[in-house]
Amino acid sequence: MPTKTIIGVIVAIVLVTAIAISLLLLLPDKPAELVEEETTQKIEIGEKIKLPEPSYTSNVSVEEALSKRRSIRAYSGDNVTIEEVSQLLWAAQGITSPWGGRTAPSAGALYPLELYLVVGDVEGIDKGVYKYIPGEEHDLEKVKDGDMRAELAEAAGKQESVKDAAIDIVFTAVYERTMRKYKERGIRYVHMEAGHAAQNVYLQAVSLDLGTVVIGAFIDSEVKKIVNAGEQEEPLYIMPVGRKD
Ligand SMILES: Cc1cc2nc3c(=O)[nH]c(=O)nc-3n(C[C@H](O)[C@H](O)[C@H](O)COP(=O)(O)O)c2cc1C
């Protein structure tokens, strides 16, 4: 082949490659929702997902966590990981003994508390409402599709922290479980237990360098509807959690 033809072919190849690369660079980025759909597993209602095993050690001492604990209401907008979700739910109500003893004490070991996770932005889990199943399972069961953070914030008197957090943990209680044994006094026991579990979440959040706050101001009936709580359950706390701003 004459030298001129060879040079011509090489120039043509270089030109075509350059045009192809330019066209690729000009293509618009994929919308964030599409990227998210590709990387986030779609979970059906009623389906369970296994949470990663929580960690039982950390470099943050209880004393450090106690001295740094503060209510944090402003978040960066970044997501939290499934490992962090697992750790926070375990801190609240994880089972830590073969007979069912948990991280938080419970009058008569009757465990009236239930936890719901309102997912807005968790790496690897799609938006929706999930119920925490403690124990060996350490599972989440999906109860509702969609991002419910804005509605939950409305139910909490438009408190921005609820909407801005990556997740909201909703604490409910079945009073009957405790009142069957302790009658009227059981009411105060249930409230004390919500406090124990919520403090565990606060301390765990410090240890994970996340921000949280307890929210007690909301319309009970609306919160119940949002998380699909059972007839007998009453909401007690919402804890938004997110990366600190
Ligand atoms: C029972 C209870 C209800 C609360 N409700 C809300 C609430 O609805 N919204 C909120 O932003 N903070 C709420 N807080 C958080 C307090 O405002 C906060 O603990 C207080 O300002 C002290 O700040 P610290 O937690 O940083 O020490 C509540 C705290 C408790 C104990």
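In which helix does Ala92 lie? The answer is helix α4, and this report on a predicted model takes that residue as one of its reference points.

## Overall architecture

The structure is a predicted model. Its chain contains 9 helices and 9 strands. Of the 245 residues, 36% count as buried.

Leaving aside neighbours within four places in sequence, Ala92 is in contact with Ala104, Leu115, Ile169, Ala197, Asn200 and Val201. Ala92 and Ala198 are separated by 106 residues in sequence, yet their C-alpha atoms are 6.4 Å apart in space.

Helices α4 and α8 pack at an angle of about 145 degrees, and their axes are 7 Å apart. The crossing of these two helices is right-handed. On the α4 side the contact is formed by Gln87, Leu88, Ala91, Ala92 and Gln93, and on the α8 side by Ala197, Asn200, Val201, Gln204 and Ala205. By class, this contact has 6 nonpolar and 4 polar residues, with no charged residues.

## The packing of α7 on α8

Helix α8 (residues 185-207) also packs with helix α7 (residues 175-182), at an angle of about 135 degrees and with the axes 8 Å apart. Because of that angle, α7 is oblique to α8. The crossing is right-handed.

Helix α7 contributes Tyr175, Thr178, Met179, Lys181 and Tyr182 to the contact, while α8 contributes Arg185, Gly186, Ile187, Tyr189 and Val190. These residues divide into 6 nonpolar, 2 polar and 2 charged.

## Tyr132 in strand β5

Tyr132 belongs to strand β5, which spans residues 128-133. Is Tyr132 buried or exposed? Tyr132 counts as buried, because 24 C-beta neighbours lie inside 10 Å.

Not counting residues up to four places away in sequence, Tyr132 touches Leu89, Gln93, Leu115, Leu117 and Leu140. One of these partners, Gln93, also takes part in the contact of α4 with α8, and another, Leu115, is also in contact with Ala92.

## Exposed positions in loops

The loop between α4 (82-93) and β3 (113-119) includes Trp99. Trp99 has 6 C-beta neighbours inside 10 Å and so counts as exposed. Ala109 lies in the loop between α4 and β3 as well. With 10 C-beta neighbours inside 10 Å, Ala109 is likewise classed as exposed. Trp99 and Ala109 are 10 residues apart in sequence, and their C-alpha atoms are 9.9 Å apart in space. The backbone of Ala109 has a phi near 50 degrees, a positive value in a residue other than glycine.

Asp209 is placed in the loop between α8 and β8 (210-212). Phi of Asp209 is near 60 degrees, again a positive value in a residue other than glycine. Asp209 is exposed, because it has 11 other C-beta atoms within 10 Å, and the exposed class covers counts of 12 or fewer.

## Glu154 in helix α5

Helix α5 (residues 149-155) contains Glu154. Its count of 16 C-beta neighbours inside 10 Å means that Glu154 is partly exposed. Glu154 and Phe218 are 64 residues apart along the chain, and their C-alpha atoms are separated by 8.5 Å.

## Surroundings of the ligand

Which residues surround the ligand? The shell consists of Arg70, Ser71, Arg73, Gln159, Val213, Val214, Ile215, Gly216 and Ala217. By class, the residues of this shell divide into 4 nonpolar, 3 polar and 2 charged.

Terms used
Residues numbered from 1 in each chain as written. Predicted model: local features only at pLDDT ≥ 70, side-chain atom pairs only at ≥ 80, totals over all residues. Helix = DSSP H or I, 4+ residues; strand = E, 2+ residues; numbered from the N terminus. Buried ≥ 20, exposed ≤ 12 C-beta atoms within 10 Å, placed from the backbone. Near = placed C-beta within 6 Å. Nonpolar A, V, L, I, M, F, W, Y, C, P; charged D, E, K, R; others polar. Contact = placed C-beta atoms within 7 Å. Axes fitted to C-alpha atoms, helices over the stretch in contact; angles between N-to-C directions. Parallel < 35°, antiparallel > 145°, perpendicular 65-115°, else oblique. Left-handed = near helix turned anticlockwise from the far one by under 90°.
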